[in-house]
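Work through the exercises below with the sequence and the model at hand. Try each task before you read its solution.

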Amino acid sequence: MRCRHVRRDLETQETARRARRCEGIYVYTHIFSFESSTAEVVATSLHTMTRRDFFFRFALILLLFLCGIIYNNLIGNTRPSIVKYAPKYRGNFVLGDLAPKKRWQADAKILKDNKAMLDRIAQTCRENNLTETTTIATRRHFLYSSANRALCCWIRKAGSTSFTKLFSELNDRWITGDNYYRELNHITPRSDSQLVDLLRSRRTFKLLVVRHPFERLVSAYRDRIEDNTRYTAQAWIYVPKIFHLTRPEIFESPGTVDLSLSRMFHDDRRLKLVPSFGEFVDWLLQQDSVKDDHHWNQYHRHCSLCSVRYDYVLKLDNQTQEALDYVYRRMNVLDVDKVRLGRLESTRSGPTDFERTCAYFKNLTHRAVVSLYDRYRVDFDMFDYDFDRYFECTEGD
């Protein structure tokens with residue numbers, strides 16, 4: 001009789017266990033051990049979850065995961081701290097984002113070289129006793145974009161047209177034709193006091209673009225004096241002064257001033273007589289460098305290098321894609337499709353590189369080349385430019 005009751009109890013327990021499995025009831029018993037000699041069951045909790053609840057929660061988690069992916073692809077990539085764009089040709093350069101590790105390595109080298117350049121500029125200022133009072137910043141020498149927090153000192157024949165165009169487009173001003181000089185009225189700081197604040201601010205990215213002084217000088221001569229296919233203000237102003245020194249007979253013959261001008265210029269004021277590069281250099285070396293034209297003046301005077309601490313110096317002679325990409329990132333240019341950087345270092349008759357510069361220096365005397373070096377010596381020292389191989393281009397006195 002007793003065995004029958006035991007068997008019935010076991011059947012009842014098995015039936016209850018099967019029922020609980022069908023209903024999805026799971027029993028968790030938490031047993032905690034203490035330092036006492038016997039173990040004690042402290043708490044037992046029941047946690048129930050039906051199959052419907054399980055699938056509902058799984059579907060909710062999956063939906064949240066998909067929403068996160070959509071947010072990251074459509075919205076997350078628009079953060080201003082990350083610049084992403086497809087590789088595109090911009091003049092001589094290919095602009096494209098590098099892999100993060102490679103970009104970090106490239107930026108590390110760029111910053112190291114740039115710091116050495118900035119330290120060299122400061123040292124040159126000290127060695128030549130050039131103080132803040134001797135190189136005062138001029139408002140119209142700077143391009144400014146408030147939206148991009150970027151400031152750039154333009155230097156004629158050192159990419160100034162390209163960067164004027166760039167800053168104009170950053171300010172939503174799209175230039176038609178060749179009216180780049182007129183744009184300075186719209187893309188410079190509003191006042192001298194604003195310029196001072198911008199130069200002192202660490203939040204403003206201050207850019208300087210330079211090239212070899214001799215190559216820039218030849219480029220200026222080719223573009224503003226030698227090219228007589230169009231009128232240039234430099235030819236109209238300086239060629240009569242050059243010929244007064246090198247060809248005085250033009251002005252000694254009987255006649256009026258208009259007759260002398262007619263010998264040098266066409267009716268549309270294009271040059272008829274073109275002075276040689278040697279004549280241009282002979283005249284230039286007799287002028288006061290403080291009063292030089294913007295197309296061949298000294299870098300340290302024009303951009304106030306001894307009173308302004310620039311953040312980055314871009315040398316067009318040996319610039320790289322990584323350096324130009326770095327400038328874009330520092331200028332907060334997120335979409336390069338909206339701006340276009342034109343060809344740098346180019347003139348109407350082709351770029352002025354070392355070979356072309358050497359050809360123009362060939363007919364100069366050694367004394368003239370040394371005198372040119374002395375005129376631009378501070379710029380040579382600041383940016384560590386080479387002089388010897390240009391000196392070797394000359395055929396001698």
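**Exercise 1. Find how strands β7 and β8 pair, and over how many bridges.**

Solution. Start with β7, residues 205–210. Its pairing with β8 is parallel and runs over four bridges. Two strands count as paired if DSSP finds at least two bridges between them. Now pick Leu208: its bridge partner in β8 is Val313.

This is a predicted model, in which local features need pLDDT of at least 70 and side-chain atom pairs count only at pLDDT 80 or more, while totals for chains, interfaces and linings use all residues. Residues are numbered from 1 along each chain as its sequence is written, and side-chain values use heavy atoms, with hydrogens and water left out.

**Exercise 2. Which residues of β8 are buried on each side?**

Solution. Take the strand, residues 312–315. On one side, Tyr312 and Leu314 are buried. On the other, Val313 and Lys315 are buried. Buried means under 20% relative accessible area, exposed over 50%, and partly exposed in between (1.4 Å probe, protein chains only).

**Exercise 3. Describe the packing of helices α7 and α11.**

Solution. Locate α7 at residues 213–226 and α11 at residues 277–284. Helices (H or I, at least four residues) and strands (E, at least two) are DSSP runs, numbered from the N terminus.

- Geometry: the angle is about 115 degrees, and the axes are 11 Å apart. Axes are lines fitted to C-alpha atoms, for helices over the stretch in contact, and angles run from 0 to 180 degrees between N-to-C directions.
- Class: α7 and α11 are therefore roughly perpendicular. That class covers 65 to 115 degrees; under 35 is roughly parallel, over 145 roughly antiparallel, and the rest oblique.
- Contact (heavy atoms within 4.5 Å): α7 gives Leu217, Val218 and Tyr221, and α11 gives Phe277, Phe280 and Leu284.

**Exercise 4. Where does Arg269 lie, and what is its phi?**

Solution. Look in the loop between α10 (257–264) and α11. Phi of Arg269 is near 70 degrees, a positive value in a residue other than glycine. Arg269 counts as partly exposed because its relative accessibility is 37%. Repeat the search for Asp384, in the loop between α16 (377–383) and α17 (388–391). Phi of Asp384 is near 55 degrees, also positive in a residue other than glycine.

**Exercise 5. How many helices and strands does the protein chain have?**

Solution. The protein chain has 17 helices and eight strands. Of its 397 residues, 40% count as buried.
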